[in-house]
Amino acid sequence: MEKLSVQDKLKYELECIANGYKYIAGVDEVGRGPLAGPVVCAAVIMPLDKLIEGIDDSKKVSEKKRNTLSELIKENAICYNIAEVSPKIIDEINILEATKLCMTNALEGLNIKPDVALVDALTLNTDIPVVNIIKGDYLSYSIGAASIIAKVYRDNLMVDLAKKYPEYSFEKHKGYGTAVHINAIKQYGPSEIHRQSFIKKFI
């Protein structure tokens with residue numbers, strides 16, 4: 001995929017402004033695939049007259065740059081909110097529904113109610129109008145900003161959880177299903193932060 005300039009990433013935001021919307025939220029999730037830990041979602045309303053260079057899909061940005069961008073995004077945002085949904089709830093309602101719940105909680109927890117939300121690939125149960133954008137974290141400045149702060153938050157959370165559960169090496173893989181992680185599950189059994197519905201074939 002070609003690299004888009006920061007101006008190119010404003011297409012959807014500018015369409016929203018043309019339609020009379022003022023407060024435009026970007027919403028994204030991190031952590032749908034891991035075997036352990038919560039799914040994390042962020043919602044952010046960014047000023048569009050003072051753009052931050054380098055905002056992109058969080059997976060395309062180095063860890064060092066992500067950390068720097070996350071701080072810039074939080075410092076410059078009109079408002080932002082981060083939400084988590086626990087492994088227990090993921091097991092109860094499935095990861096798709098848990099992700100939708102997490103996104104909705106992040107969006108509805110903003111200090112300023114958005115006029116519209118740009119959401120990466122999912123529709124949400126909310127009274128806030130939603131524009132659903134496939135590859136939104138790549139195509140939209142606001143969704144890219146949300147993806148970065150969500151990713152940095154979740155990575156830091158998993159590093160902290162590694163101190164409580166050192167045998168699983170969460171600091172290295174952040175809960176994803178690496179060989180090291182799967183072998184640890186087989187050796188030690190699951191912890192209370194593992195998603196039981198994700199690890200049935202390993203235990």
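A patch is made of residues with over 30% relative accessible area and no salt bridge, and nonpolar side chains are joined within 5 Å. In this predicted model, Ile-89, Ile-93 and Leu-101 form such a nonpolar patch on the surface. Together the three residues of the patch have about 190 Å² of accessible area.

**Surface patch**

- Ile-93, one of the patch residues, belongs to helix H3, which covers residues 87–93.
- The relative accessible area of Ile-93 is 33%, so this residue is partly exposed.

**Overall architecture**

- The protein contains 8 helices and 5 strands.
- Along the sequence, these elements follow the pattern α-β-β-α-β-α-α-β-β-α-α-α-α.
- The radius of gyration is 17 Å, close to the 17 Å that the globule rule gives for 203 residues, so the protein is as compact as a globular protein of that length.
- Taken along the principal axes, the box filled by the C-alpha atoms is roughly 55 × 35 × 30 Å.
- Of the 203 residues, 53% are buried.
- Among contacts with a separation of 6 or more, 65% are made by residues 24 or more positions apart.
- The protein has an accessible surface of about 9,800 Å², and carbon and sulfur atoms account for 51% of that surface.

**Helix H1 and its cover**

- In helix H1, residues 11–18, the buried residues are Tyr-12, Glu-13 and Cys-16.
- Viewed down the axis of H1, these buried residues fall within an arc of 100°, so they line one face of the helix.

**Salt bridges**

- Side chains of opposite charge can pair when their charged atoms come close.
- With a side-chain nitrogen of Lys or Arg required to lie within 4 Å of a carboxyl oxygen of Asp or Glu, the count comes to 13 salt bridges.
- One of the salt bridges joins the side chains of Lys-3 and Asp-56, with an N to O distance of 3.9 Å.
- This pair links distant parts of the chain, 53 residues apart: Lys-3 lies in the segment before H1, and Asp-56 lies in the loop between strand E2 (39–45) and helix H2 (63–76).
- Lys-3 is exposed at a relative accessible area of 66%, whereas Asp-56 is buried at 8%.
- Asp-57 pairs with Lys-59 in a salt bridge whose closest N and O atoms are 3.3 Å apart.
- In that pair, Asp-57 is buried, with a relative accessible area of 6%, while Lys-59 is exposed at 63%.
- Asp-57 and Lys-59 also belong to a network of salt bridges that links them with Lys-60 and Asp-137.
- A salt bridge is formed by Lys-74 and Glu-71 as well, and their closest N and O atoms are 3.5 Å apart.
- Both Lys-74 and Glu-71 are in helix H2, where their spacing of 3 residues is about one turn of the helix.
- Glu-71 is partly exposed, at 42% relative accessibility.

**Ser-58 in the loop between E2 and H2**

- Ser-58 is situated in the loop between E2 and H2.
- The relative accessibility of Ser-58 is 4%, and values under 20% count as buried, so Ser-58 is a buried residue.
- Setting aside residues up to four places away in sequence, Ser-58 touches Arg-66, Ser-147, Ile-148 and Lys-151.

- Lys-74, located in helix H2, is partly exposed, with a relative accessible area of 27%.
- Apart from neighbours within four places in sequence, Lys-74 is in contact with Tyr-80 and Ile-149.
- Lys-74 and Gly-189 are 115 residues apart along the chain, and a distance of 38 Å separates their C-alpha atoms.

Terms used. Residues are numbered from 1 along each chain as its sequence is written. This is a predicted model: local features need pLDDT of at least 70, side-chain atom pairs count only at pLDDT 80 or more; totals for chains, interfaces and linings use all residues. Side-chain values use heavy atoms; hydrogens and water are left out. Patches are made of residues with over 30% relative accessible area and no salt bridge: like charges are joined within 9 Å, nonpolar side chains (Val, Leu, Ile, Met, Phe, Trp, Tyr) within 5 Å. Accessible areas come from the Shrake-Rupley method with a 1.4 Å probe; for residues, only the protein chains shown count as cover. Helices (H or I, at least four residues) and strands (E, at least two) are DSSP runs, numbered from the N terminus. Buried means under 20% relative accessible area, exposed over 50%, partly exposed in between (1.4 Å probe, protein chains only). The radius of gyration is taken over C-alpha atoms; the globule rule is 2.2 Å times the number of residues to the power 0.38. Contact means heavy atoms within 4.5 Å. The arc is that of the directions from the helix axis to the C-beta atoms.
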